[in-house]
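Please look over the sequence and the model, then read the sections below.

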Amino acid sequence: MAAKKATATTSRRAALRAQQEAQESAKKRRRIIGVIAGVVIIAVVVIAVVLGLNHKSDDVPTTGQITPPSATKDGVYTLNPDKVKGGAPTVTVFQDYQCPACKGAEDVLGKPLNELSAEGKIKLEYHTLTFLDRNLRDDASTRAAMAAAAADVVGKFQAYHDVVYRHQPQEEGAGYTDEQLRKEFASEAGITGSNLTKFQRIYDNKQTEQFVKNGNDKGLQELQKFGTAGTPAFLVNGKSWEGWQDFTQSAPTADKLLQAIKNAH
């Protein structure tokens, strides 16, 4: 009788222990499932954030014509617009990327103009023309202008602009290759990673072609008001300025150039 009672007690204990173990296992499974679910939710949130950031940072459509962010639809770029101080004179430069005289002006005036622009002492504008394509029977001016416009989309217009002029061929009309414009110049201008991908996509799809054409047409119309259709040409506060030619032999300091600009009219 005592043996039977002991056996029954042992069975109840074993059953209770098995039930407790089952409950504990169920709790562990629920905790594991909860952790996994939390990790999945976090991963989903991270992916959503990353996709959202990528969408915001690459909001340029893959097709269709675009206007670069630093320019007007008429082709006028403004450098460092947020730094321009009140009363600063506006200097507008008309250039063609195949123009040897434009390179000459850029070699002596580019650096001090960039300094004055960066300090907000002048409002510096560039108006890119492409009429030399017709004269030289190529399309290098247009392609260089399209590439510079694409560089502006990724925030590198000034750097790219300067690189193109540094590598202008010694022989007028030799032009620029796509390899130079798409890769070599972009690399030298500091366009890398996803920005390089975007830059090359915009260039390859010719998404700035109409902008460049408009810029050339409007620029030539503007120059005709001053009786010229050649480049380089300079305006100070909307009026023709020939004084820049006084510095063609040697580069002036930024201060000396600024004084000449202020004395222009």
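## Sheet

In this predicted model, strand E3 (residues 123–129) pairs with E1 in the antiparallel sense, over four bridges. Within that pairing, Leu124 in E3 is the bridge partner of Leu79.

The two strands belong to an open sheet of five strands with mixed pairing, in the order E1-E3-E2-E4-E5. Its edge strands are strand E1 (76–79) and strand E5 (239–240), and each of these pairs on one side only. In general, the strands of a sheet pair through backbone hydrogen bonds, in either a parallel or an antiparallel way.

## A helix across the sheet

Helix H4 (residues 140–153) lies across E1, strand E2 (90–96) and E3. Relative to E1, H4 runs at about 45°.

## Packing of H2 and H5

Two packed helices are described by the angle between their axes and by the distance between those axes. For H2 and helix H5 (residues 157–166), the angle is about 145° and the axes are 10 Å apart. On the H2 side the contact is made by Cys102, Lys103, Glu106 and Asn114, and on the H5 side by Gln158, His161, Asp162, Tyr165 and Arg166. By class, this contact has four charged, three polar and two nonpolar residues. The crossing of H2 and H5 is left-handed.

## Largest cavity

Rolling a probe the size of a water molecule over the atoms shows where empty space is left. Searching the whole structure gives two cavities of 30 Å³ or more.

The largest cavity has a volume of about 60 Å³. Its lining consists of Gly75, Tyr77, Thr128, Ala145, Phe211, Val212 and Gly215. Helix H8 (residues 209–224) gives the most to this lining, with three residues. Four of the lining residues of the largest cavity are nonpolar and three are polar, with no charged residue.

## Second largest cavity

The second largest cavity holds about 30 Å³ of space. Lining this cavity are Val93, Gln95, Ala105, Glu106, Leu109, Gly110, Leu113, Tyr126 and Phe234. At least two residues of the lining come from E2, and at least two from helix H2 (100–118). The largest share belongs to H2, with five residues.

By class, the lining of the second largest cavity has six nonpolar residues, two polar and one charged.

Notes. Residues numbered from 1 in each chain as written. Predicted model: local features only at pLDDT ≥ 70, side-chain atom pairs only at ≥ 80, totals over all residues. Heavy atoms only, no water. Pairing = 2+ DSSP bridges. Contact = heavy atoms within 4.5 Å. Axes fitted to C-alpha atoms, helices over the stretch in contact; angles between N-to-C directions. 1 Å grid on protein atoms, 1.4 Å probe; cavity = no way out; pocket = protein on both sides within 12 Å on 5 of 7 lines; lining within 4 Å. Points joined across faces, edges and corners; volume = space filled by probe spheres on them. Nonpolar A, V, L, I, M, F, W, Y, C, P; charged D, E, K, R; others polar. Left-handed = near helix turned anticlockwise from the far one by under 90°.
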